[in-house]
Amino acid sequence: MPEPIGRIGNATDQVGESPVWDEQTGRLYWVDIVGRAVRRWTRATDVIESRAVADFPSAVALCRSDARLVLTVGRTFGYFDFDANRFAPEHFLESREDMRLNEGKCDPAGRFWCASMENNLNADGSPRQQAHWRGRLFSVAGNTVTGPVEEGFGIPNTMAWSPNGDRFYFGDSARNVIWTCAYDGQTGRLGEREVFTQGGPGVPDGSAIDAEGCLWNARFGANCIIRYRPDGHVDRVVDLPASNPTSCCFGGETLTELFVTTACYGVEKPTAWDGAVLLVQTGTMGQAGHRYLFTARPIATPG
């Protein structure tokens, strides 16, 4: 039986990304990369608010003990005060002008992991051809930046941790692959990666983990979300009315609703669903997102 699907608000994103549900306030945050906007939806009022930023925002996360957000903008990691519309840069992670940050998410210990890529956008938001796959993976914990931990990504996507935090999932849309590896939550060290799933339909974009340890992956270009079991086998396919789903997160009072960001950028004949944030009633319990911890334990540089 098809899952009930709706949309929130009436905003249309060029490239919506990085949805984060705040269970304490009943709000959803996300970014529009090409639209250079950070957005917030308040469930109680059904109102979407937007804040403009100076460069392409790529990932947002909540903090454990602060009302500000963690935000990556261009090549920079920093903190964003949504109400004051103020971005405070903290770490400049990439020095090359042809690079930008892309995927980012917090681990269970409160570190923020983010990955860079050679920019596929010109300054005006038009497409830019990538010449190299040289994206890099970093982690940030307070004043400590560790990395690059891994290198050689084309379009890094999908960051998720198993319910007990002992496995890390991360992918590359350019290679059409999601990997998994052992994860040491005390040190932040990654084990040897192995292929979790590879190939279509579409390419892997952002993901969320449910309470049973299954990975829900947005399949860009394939108008669907695929739920993968922990062994990598397909358990369920959720068809969507939007061509390019970009990421997802669980939310709502019972964490059974899946918020799905989408993109209308590059769609030849976009419909009202393309660029919307979709709301899927999954009937499956998800997990609350992890929050950034300012005093997270520094991570040792891998030897």
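A disulfide here is a pair of cysteine sulfur atoms within 2.5 Å. The structure holds 0 disulfides. Next, pick Cys249. Cys249 is in no disulfide either, with the nearest cysteine sulfur, that of Cys248, 7.5 Å away. Cys224 is buried at 4% relative accessible area, and Cys249 counts as buried at 9%. Buried means under 20% relative accessible area, exposed over 50%, partly exposed in between (1.4 Å probe, protein chains only).

The model is predicted: local features need pLDDT of at least 70, side-chain atom pairs count only at pLDDT 80 or more, and totals for chains, interfaces and linings use all residues. Residues are numbered from 1 along each chain as its sequence is written, and side-chain values use heavy atoms, leaving out hydrogens and water.

Now show the sheet. Its 4 strands form an open, antiparallel sheet in the order E10-E11-E12-E13. Strands (E, at least two residues) are DSSP runs, numbered from the N terminus; two of them pair if DSSP finds at least two bridges between them. At the edges sit E10 (99-106) and E13 (144-153), each pairing on one side only. Color E10 and E11 (residues 112-118): 6 bridges join these antiparallel strands. Leu101 has Ser116 in E11 as its bridge partner.

Finish at Val140, in strand E12 (residues 135-141). Val140 is buried, with a relative accessible area of 0%. Not counting residues up to four places away in sequence, Val140 touches Phe77, His91, Arg111, Phe112, Val145 and Tyr292 (contact: heavy atoms within 4.5 Å).
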